[in-house]
Amino acid sequence: MSLNRALFTSRSATWETPDAAYSELDAEYGFTIDVCAEPHTSKCKRYYTKEDDALGRSWAGEVCWMNPPYGRQIGRWVRKAYEESQGGATVVCLIPSRTDTAWWHDYVMRGEVYVIRGRLRFGDATNGAPFPSAVVVFKGVQL
């Protein structure tokens with residue numbers, strides 16, 4: 001296995017949100033729903049799991065926390081976050097900083113982008129992530 005391949009792969013596409021990062025953002029935005037959760041990793045009382053199909057639901061009127069799966073489907077999640085903001089939802093996203101991707105240029109650049117200094121430690125990891133992270137805020141457009 002090449003070094004680059006080892007650095008940018010994972011056994012899972014999910015990265016559990018660090019509590020400190022979430023708490024700081026929740027204090028500012030007051031999240032009403034976690035749109036990409038599992039029961040054991042949810043950051044909000046209300047949440048959607050994979051089985052709930054958040055991509056197929058409306059998020060209108062919600063203040064959403066979104067730490068999406070970081071695999072090949074991430075572009076769909078970022079597009080959904082942007083589109084839902086156009087329908088009134090505010091969506092705060094914790095995503096890998098992948099400035100070379102189409103989804104970054106097509107959608108992320110339309111939001112407020114905050115690049116995180118250093119590497120986050122996700123879940124119970126002892127080391128920082130093998131990638132930089134960013135917080136992107138898509139503020140809901142009032143209709």
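Guide: Helices are DSSP runs of H or I with at least four residues, and strands are E runs of at least two, numbered from the N terminus. One caution before we use those names: this is a predicted model.

Visitor: What is the average pLDDT of the protein?

Guide: The average is 84, and 80% of the residues score at least 70. Residues 1-13 fall below 50. Beyond near neighbours in sequence, that stretch has nine contacts in the model.

Visitor: Now the elements. Where does Met-109 sit?

Guide: Met-109 is in a loop. The loop runs between α4 (102-106) and β4 (112-115).

Visitor: Is Met-109 buried or exposed?

Guide: Exposed means over 50% relative accessible area. Met-109 has 51%, so it counts as exposed.

Visitor: Which residues form the nonpolar patch on the surface?

Guide: Met-109, Val-113 and Val-115.

Visitor: On to charges. How do I read a salt bridge?

Guide: Side chains of opposite charge can pair when their charged atoms come close. The cut-off here is a side-chain nitrogen of Lys or Arg within 4 Å of a carboxyl oxygen of Asp or Glu.

Visitor: How many salt bridges does the rule give?

Guide: Four. Among them is the pair Arg-46 and Glu-62, at 2.7 Å from N to O. Both residues lie in the loop between β1 (33-34) and β2 (63-66), so the bridge ties together parts 16 residues apart in sequence.

Visitor: How is each partner of that pair covered?

Guide: Buried means under 20% relative accessible area. Glu-62 has 15%, so it is buried. Arg-46 is partly exposed, at 41%.

Visitor: Which residue does Glu-84 pair with?

Guide: Lys-80. The closest N and O atoms are 2.7 Å apart. Both residues belong to helix α3 (residues 74-86). They are four residues apart, about one turn of the helix. Glu-84 is buried, and Lys-80 is buried too.

Visitor: And what does Glu-112 bridge to?

Guide: Glu-112 pairs with Lys-139, with 3.2 Å between the closest N and O atoms. This pair links distant parts of the chain, 27 residues apart. Glu-112 is in strand β4, while Lys-139 is in the segment after β5 (133-138).

Visitor: What are the relative accessibilities of those two residues?

Guide: Glu-112 has 29% and counts as partly exposed. Lys-139 has 47% and also counts as partly exposed.

Terms used:
Residues numbered from 1 in each chain as written. Heavy atoms only, no water. Patch = residues over 30% accessible without salt bridge, like charges linked within 9 Å, V, L, I, M, F, W, Y side chains within 5 Å. Areas by Shrake-Rupley, 256 points an atom, 1.4 Å probe, with all protein chains shown as cover. Buried < 20%, exposed > 50% of the residue type's maximum accessible area, 1.4 Å probe, protein only. pLDDT = per-residue confidence, 0-100. Contact = heavy atoms within 4.5 Å.
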